[in-house]
Amino acid sequence: MNYKLIARLLSMIMLILTLAFGVCLAVSIWMDSGPSALIAREAFMASIATSLASALLLFWVGRNASFKFFRKEALAVIGLSWILASVIGAIPYIILTPHIGSSGAIFESASGITTTGASVLSDLESLPKSLLFWRALSQWIGGMGVVVFFVAILGFLGADAKILYANEASGSVADFEESRVQKTVLQLIYLYLGLSALCTLAYWIVGMGWFDATCHMFTTVSTAGFSTRTESMAAFDNPLIEWVCILFMLIAGVSFFLQLRIINGNAAYLKRNTEFYIYFGLFLIASAVVSINLILEGEFESWPHAIRAATFNVTSILTTTGYATEDFAAWSILPQSILICLMVIGGCSGSTSGGIKVFRTALALKMAAIAIERSFRTRIIRPIRINDRIVHDSTAHETMTFLVMNGMLFFAGVIILSSFEPALQVESSLSAVTSCMFNIGPGFFKVGPTETYAFFQPWSKLLLSLLMIMGRLELYAVLVLFSPTLWKRFR
């Protein structure tokens, strides 16, 4: 294990956080007022000092690092970076919201970095604007992954950037290998920045102020869901804002590699992209069914309102953004069941969305269909094709392993959470684990869209924080940290 190189790479994470805290300090100087302004500035100065000192210490430890970089180091860097970022990112919450405790601060920070959107905070309007800005900015940073933002410069360190990115990206990296690593990652960052600029401008045009537009842009393109308002998007009571949000949530839930191909003039690839069509089909069908259900049940005064409410909340859940305009936990069983299914599926691979991803869902269903056919036609050999490519047996095996591991982790999480929260109803426990593990945020019952996670015990909050990180990193990068063989000298 190349410990020095790991330390050097982790120092970059700390440097990114230092710069982010610096921006928040500037926002505090510019926008905070009243008794909390001084405390907010002190909080971000303390955050800057801590993250910068950590960066310098880690860089000093790794100053003579060898540039040999293998899969072990990649997994270690990824797992440690997200955990470290969640802990350091909790400093502003510890200082500015002491009532939530250190476990609540870590929960809020992990929820931001992992783009989950679950919160222990209420009455957001009373918080300093700089803290609201940090909540949103942390999600924007986490949207493409802390690792992606620094992987573009790994070439200058002599490290194998492709190994690091391949473990960070959701899904296949076959498309990624068509060009040099640094060039492609820079294109991804440019796309992310461009989408962010367009989203900010669109929000401003339809009626948001610049501060709200910027903060909601951060949490829309990252499919994250933190808002500057306690009532989330419902607080604006503006249909145009909701439709703009729907559009950009849908875009952010699409593979960024697919978007790059289209921008680079390869629109024909879209025609054979199975995942995109399934994703868009899920959106249309779910929106239509929920809309019809809400109209028939008379949940809303007019059918345009019902359609907008259904479409918004279906999009928010499918992309795992977590915004809410209605208390969907109070809807009837059919729309709730649809939303639960969408929570688990999530968006496309290579996007900022959580969930098990549309790609894996489609692959698992095709494998199941072939298994059923083979039960009575034992000699049949039928290749599985997704995105007009034959799926190799190794990919199919990895997918099934991943799904089984997710299932085991889910049930383990529910059992452990239930032991920490013996008075909690099983429905709420199931919903909390689902929402955190698949990076959604709001759930049902006691963790519904109008509720917070503040009532959980400290150990429960730390458990849910770990589930957020594991869900964001797709398990392996965190699980291997607890494997003794990872830290041995041999590779």
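The buried residues of helix 17 pack against helix 14, helix 16, strand 1 (385–386) and helix 18; buried denotes under 20% relative accessible area, exposed over 50% and partly exposed in between, with a 1.4 Å probe and protein chains only, and contact denotes heavy atoms within 4.5 Å. Helices (H or I, at least four residues) and strands (E, at least two) are DSSP runs numbered from the N terminus. This is a predicted model, in which local features need pLDDT of at least 70 and side-chain atom pairs count only at pLDDT 80 or more, while totals for chains, interfaces and linings use all residues. Residues are numbered from 1 along each chain as its sequence is written, and side-chain values use heavy atoms, with hydrogens and water left out.

- Helix 17 has 17 residues and reaches 24 Å from its first C-alpha to its last, close to the 24 Å expected at 1.5 Å a residue; the expected span is 1.5 Å times one less than the number of residues.
- Its buried residues are V358, F359, R360, T361, A362, L363, A364, I370 and E373.
- The 23 residues of helix 14 (residues 274–296) should span 33 Å at 1.5 Å a residue, which agrees with the 33 Å between its end C-alpha atoms.
- Among the buried residues of helix 14 are E275, F276, Y279, F283 and L294.
- These buried residues of helix 14 pack against helix 11 (239–252), helix 12 (256–263), helix 13 (268–271), helix 15 (303–318), helix 16 (333–345) and helix 17 (358–374).
- Just after helix 14, G298 takes a positive phi of about 65°.

**Loop residues**

- K357, in the loop between helix 16 and helix 17, has a positive phi of about 85° although it is not a glycine; K357 counts as buried because its relative accessibility is 3%.
- S232 lies in the loop between helix 10 (210–221) and helix 11, and its phi is near 60°, a positive value in a residue other than glycine. At 11% relative accessibility, S232 counts as buried.
- G448 belongs to the loop between helix 19 (426–437) and helix 20 and, at 3% relative accessibility, counts as buried.
- Neighbours within four places in sequence aside, G448 is in contact with A329, P442 and G443.
- G448 and D327 are 121 residues apart in sequence, yet 7.4 Å apart in space, C-alpha to C-alpha.

**Cavity and pocket**

- On a 1 Å grid over the protein atoms alone, a cavity is a set of points where a 1.4 Å probe fits but cannot get out, and a pocket is an open set with protein on both sides within 12 Å along at least five of seven lines; lining residues have an atom within 4 Å of a point.
- The second largest cavity has a volume of about 50 Å³, a volume being the space filled by probe spheres set on the points, which are joined across faces, edges and corners.
- Ten residues line the second largest cavity, of which G355, F402, N406, F438 and G471 lie nearest its centre.
- Helix 18 (393–420) and helix 20 (458–472) each supply at least two residues of that lining.
- The second largest pocket holds about 480 Å³ of space. Of its 30 lining residues, T230, S232, P449, T450 and E451 are the closest to its centre.
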